[in-house]
Amino acid sequence: MLSFENVGLRYGVGPETLRDVTFDIAPRSFQFLTGPSGAGKTTLMRLIIMALRPTRGLINIFGRDSATLDKDEITETRRQIGVVFQDFRLLDHLSLYENVALPLRVLGREEASYRSEVTELLRWVGLGERKHALPSVLSGGEKQRASIARALISQPKLLLADEPTGNVDPTLARRILRLFVELHKSGTAVVIATHDLSLMDQYDAARRLVLADGRLHIFE
Amino acid sequence: MSPLSFASDLLARARGAGQPELTGEEDGLAPSSPLVPTDSVAGRSLVIVIAIMTFLAAIAAAAALLVAEASVEWRAEASSEASVQLRPTAGRDIEADLRKAADILQQTPGVREAQIYTKAESEDLLAPWLGQGLDLSELPTPRMIVVKLDPKRRPDLAALRSELADATPNAVLDDHHIFLERLGDMARAVVAVSVMIFFLIVGAMGIAVASATRAAVATNREIVEVLHIVGAADTFIAREFQRRFLALGLRGALIGGGAAIVFLFLARMLTRSWRATAGGEQMEAMFGDFSIGLEGFIVILLLAGGIALLTGYLSQAIVFRHLRRLG
């Protein structure tokens, strides 16, 4: 589904942030991506969603070399990836409901066709009563949950979550992890970037990708 | 499995894993908000700029229409009149020449009326140049015959001129063609200037919209990035910007077009109330009675609609080009 071969990335003329990164993400797999702050977890995720281009190496995504994809193909590819950002990236002028429905709306779907599913997902992440609220009035944890719901709503083939439990309490963190596990069981490959060791300990079946000093180490 | 049944299934299984629901659900959802925010200071400023530009463009278009219509009236009026001027000449009886010329004119097909101006009336015509109260009785003042022509069956003026010259050598027939030509030139010049002003205004507005669009893209950079990441195509994003600018353009164009209609209506009322004054007469001579009629109002409404569409189209094209360049 996704493979990196000797991928390197440097910003400007500085040192390489990522060096010779090589790994595969198989369909229906589950992995935690971890490492110290500044190790390049977010950068790695930005490379996967093609928001950055590597300085060197090959990224193959859904069977295609990412360097050869044109704009429309990149759009098509991104539609198969759900992303939970560390800084949430919710649109402040849209209600929570509209934010969560965004991936379906950009596909041109009629609002009536997804209303109940979006409402249900929001309710499940504990935001059923806040669906009309704007992100500016929500806590960090609420924004986090809305961001997760947005990433899940279109049933992505690959889910990338950057510190998805960083702003929620342990109980809710367990529930969110359970949702990711169920998503994985239903066929989605999941990559969760996290510092939270207790979260990783809750799901031993997951592969661990550890980034340190710009290099990636894999623990099966 | 569709995404929707997927979500239901996923949630059911997650619940089955022992996770309780946290909250209830509210009924009723608001209609979808625009993805690009419409209500901003820059948006309001653009509405004002478009309103002013539409107002000016509508006034320029109305002025062109009014002058074009008025010039048709002036020319129709002037072409249905002619005059014969007789200069006093030594050895000739000017009164006899006047009668002879008038007889010839009245017998000419296409001449409706030939009215001899009395000596006093002819002298009155000179008053604007020579001043009031002068005794002109000793001066050899020319005399006039005012001729009304049938505009549908104009006489052969060359033949008439020759016949008059044979009968009264001191008679000069003036069919106002030089005046008419100048009048036509002036009207065409006014219309051309109005059209030029109209296009300049539309061009300036296009530049204002282009710069507002670029500013909007820069301001909403984060929104564009999120839309890209959730899988929005460039065409979708450009269409969202187009929707926003079409709405702003429509608002501005309707305000400007409405203000122009109110302005023209008030101008018409004022010219009617000033009609008795010299200034009012001159305004009326130039622009008619400021009545642009139904046709004119339709032109203004079409203009407002065109400006709104132009605003939407321009913004869409600029955003699309910008997004492609980003790619």
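Trainee: In what order do the 4 strands of the open sheet in chain A run?

Mentor: Keep in mind that this is a predicted model. The pairing in this sheet is antiparallel. The two edge strands, β2 (16–25) and β5 (64–65) of chain A, each pair on one side only. Reading across the open sheet, the order is β2-β1-β4-β5.

Trainee: And which residue stands opposite A:I61?

Mentor: Look at strand β4 of chain A, which spans residues 56–61. This strand pairs with β5(A) in the antiparallel sense, over 2 bridges. The residue of β5(A) that stands opposite A:I61 is A:R64.

Trainee: Over to chain B: is B:T311 buried or exposed?

Mentor: B:T311 sits in helix α10 (residues 293–326) of chain B. Leaving out neighbours within four places in sequence, its contacts are B:I50, B:V209, B:F245, B:L246, B:L248 and B:G249. The cut-off for buried is 20 or more other C-beta atoms within 10 Å. B:T311 has 28 of them, so it counts as buried.

Trainee: How far apart in space are B:T311 and B:L250?

Mentor: In sequence, these two are 61 residues apart. Going C-alpha to C-alpha, the distance between B:T311 and B:L250 is 8.5 Å.

Definitions and conventions:
Residues are numbered from 1 along each chain as its sequence is written. Chains are lettered from A and ligands numbered from 1 in the order in which they are written. This is a predicted model: local features need pLDDT of at least 70, side-chain atom pairs count only at pLDDT 80 or more; totals for chains, interfaces and linings use all residues. A residue is buried if 20 or more other C-beta atoms lie within 10 Å of its own, exposed if 12 or fewer, and partly exposed in between; C-beta atoms are placed from the backbone. Two residues are in contact if their C-beta atoms, placed from the backbone, lie within 7 Å. Two strands pair if DSSP finds at least two bridges between them.
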